[in-house]
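The stops below go strand by strand, then to a helix and a ring pair.

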Amino acid sequence: MAEEKQKKKGGCLKWGAIIIGVLILFGACAAAMTGGGEDTGDTSSDSNEAETTETATEENTEESTEEETEEATEESTEEVVEEEEADEVVGVGEALTVDGIDFTVNEWYQAESVGSDFMAEEANDTYIVMDVSVVNNGNEAITVDSSYFKIVDGERTYEPDSMASSAANEDDLGLFLEEINPGSSRNAFVVFDVTQEVVDSSEKQVQVQSGFWGTETGLINLQ
């Protein structure tokens, strides 16, 4: 009897241990499954953040590249424009071709009066007298006037003095609605009544033009 009681008691303990072991195993599996789900969620979030950061970086890089390209294009355009403008400027004694017409300032000098005793003009301030040449390289006759010449000093523009220009040319009217045939040229004096400040300026230039409306223009340095 004692042995049977011991067997029964040992059997109960065995089944109790099995049940406890099963519960522990079940709890461990549940914990592993829960931890795995949390890890999966975190990985997906990290992946989305990485994709967003990468996309933003690519967009910023594209925008930066576009801005640099635009800046480079603008700089190149400005350089081309400056070179073209520089090509249109010549000095005293050099011919400047504007719309098929050669303009040359052969020389210039300062004077207080121009003309002869019978037809003299006195300057209000002082005169800049320019000896100019005009050559018609076109296929048709052109009309040239002294108003085709202007002195430019900074933002200021000076028109020629028509009476002083006529007096300086003495024997004729100079470039007063002068018609020049193809291949022909004309020499004349063009006179400007200006201040001494303009005479002394190192920035003064002559602007020449084709036609009364100044269809095309060019610059000649008076240095």
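Two strands are taken to pair if DSSP finds at least two bridges between them. Helices (H or I, at least four residues) and strands (E, at least two) are DSSP runs, numbered from the N terminus. The model is predicted: local features need pLDDT of at least 70, side-chain atom pairs count only at pLDDT 80 or more, and totals for chains, interfaces and linings use all residues. Residues are numbered from 1 along each chain as its sequence is written, and side-chain values use heavy atoms, with hydrogens and water left out.

Stop 1: Select residues 95–98, strand β2, together with β3. The two strands run antiparallel and are joined by 4 bridges. Threonine 97 has aspartate 102 in β3 as its bridge partner. There are 2 residues between the strands of this hairpin, and aspartate 99 in the turn has a positive phi of about 55°.

**Stop 2: the next hairpin.** Between β3 and β4 lie 4 residues, and the two strands form a hairpin. For a bridge to display, take threonine 104, whose partner in β4 is serine 133.

Stop 3: β4 and β9 run antiparallel and are joined by 10 bridges; threonine 126 stands opposite valine 194 in β9. In what order do the strands of the open sheet come? The order is β2-β3-β4-β9, 4 strands with antiparallel pairing. On average, neighbouring strands are turned by 35° against each other, direction ignored. Axes here are lines fitted to C-alpha atoms, for helices over the stretch in contact, and angles run from 0 to 180 degrees between N-to-C directions.

**Stop 4: the helix.** Select residues 162–169, helix α2, which packs on the sheet and touches β3, β4 and β9. Contact means heavy atoms within 4.5 Å. The direction of α2 makes about 130° with that of β9.

**Stop 5: the rings.** The structure holds 1 aromatic pair. Phenylalanine 103 and phenylalanine 149 have ring centres 5.7 Å apart and planes at 80°, so the pair is edge-to-face. Rings of Phe, Tyr and Trp (its six-membered ring) pair if their centres lie within 6.5 Å; planes under 30 degrees apart count as stacked, over 60 as edge-to-face and the rest as tilted. Phenylalanine 103 lies in β3 (residues 101–115) and phenylalanine 149 in β6 (residues 149–153), so the pair ties together parts 46 residues apart in sequence. Are these two phenylalanines buried or exposed? Both phenylalanine 103 and phenylalanine 149 are buried (under 20% relative accessible area, with exposed over 50% and partly exposed in between; 1.4 Å probe, protein chains only).
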